[in-house]
Amino acid sequence: VYKSITASSCPSGTCTQGDCCAQLVDCGTPSAPPNGSPPNCSSGTTTGMKCTFDCLTGYTGGGKLTCIETGTWNRTGSCTAVDCGYPGIPANASTLSCAS
């Protein structure tokens, strides 16, 4: 007969992983992703914790980072530049050629 393991039956500083207690790993404070804001890690930076990030002005997207057992951050999502498209030629203007 196996005893069921719950988070409350594991020692402090560990978490449940299947039917055993695993040592929590601290991934440290993650750096901001390319074109993103510093992540919000209000729930912590140990194994299984998630941080969210937004994109800087001029970029769209966002995502989250998850602290994994190796002590590194796994990122999902990204920030990509907003494409405003070709603005066209303003009224009363003409185009110039930049040929050499």
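This is a predicted model: local features need pLDDT of at least 70, side-chain atom pairs count only at pLDDT 80 or more; totals for chains, interfaces and linings use all residues.

**Exercise 1.** Which cysteine forms a disulfide with cysteine 79, and what does the pair tie together?

*Solution.* Step one: look at the sulfurs. Those of cysteine 55 and cysteine 79 sit 2.1 Å apart, and a disulfide needs them within 2.5 Å, so the partner is cysteine 55. Cysteine 55 is in the loop between strand 3 and strand 4, while cysteine 79 belongs to strand 5 (residues 73-81), so the bond ties together parts 24 residues apart in sequence. As for cysteine 55, its relative accessible area is 18%, so this residue counts as buried too.

**Exercise 2.** How many disulfides are there, and where do the others fall?

*Solution.* The count comes to three disulfides. Besides the pair above, cysteine 27 is joined to cysteine 67, with an S to S distance of 2.0 Å. The link of cysteine 27 and cysteine 67 is right-handed, with 85 degrees about the S-S bond. Cysteine 27 lies in the loop between strand 2 (20-23) and strand 3 (50-53) and cysteine 67 in strand 4 (residues 59-67), so parts 40 residues apart in sequence get tied together. Both of these cysteines are buried.

Next, cysteine 41 is joined to cysteine 51, again with S to S 2.0 Å. Here the angle about the S-S bond is 115 degrees, and the link is right-handed. Cysteine 41 sits in the loop between strand 2 and strand 3, and cysteine 51 in strand 3, ten residues away. Cysteine 41 and cysteine 51 are both buried.

**Exercise 3.** Is cysteine 84 buried or exposed?

*Solution.* Exposed means over 50%. Cysteine 84 comes in at 73% relative accessibility, so this residue is exposed.

**Exercise 4.** What surrounds threonine 45?

*Solution.* First, find threonine 45: look in the loop between strand 2 and strand 3. Its relative accessible area is 18%, so it's buried. Next, its side chain makes a polar contact of 2.7 Å with the side chain of aspartate 26. Finally, leaving out residues up to four places away in sequence, threonine 45 touches several residues, including Cys27, Cys67 and Trp73.

Notes: Residues are numbered from 1 along each chain as its sequence is written. Side-chain values use heavy atoms; hydrogens and water are left out. Helices (H or I, at least four residues) and strands (E, at least two) are DSSP runs, numbered from the N terminus. Buried means under 20% relative accessible area, exposed over 50%, partly exposed in between (1.4 Å probe, protein chains only). A polar contact is a pair of N or O atoms within 3.5 Å; within protein, one must be able to donate a hydrogen and the other to accept it, and residues adjacent in sequence count only if both atoms are side-chain atoms. Contact means heavy atoms within 4.5 Å.
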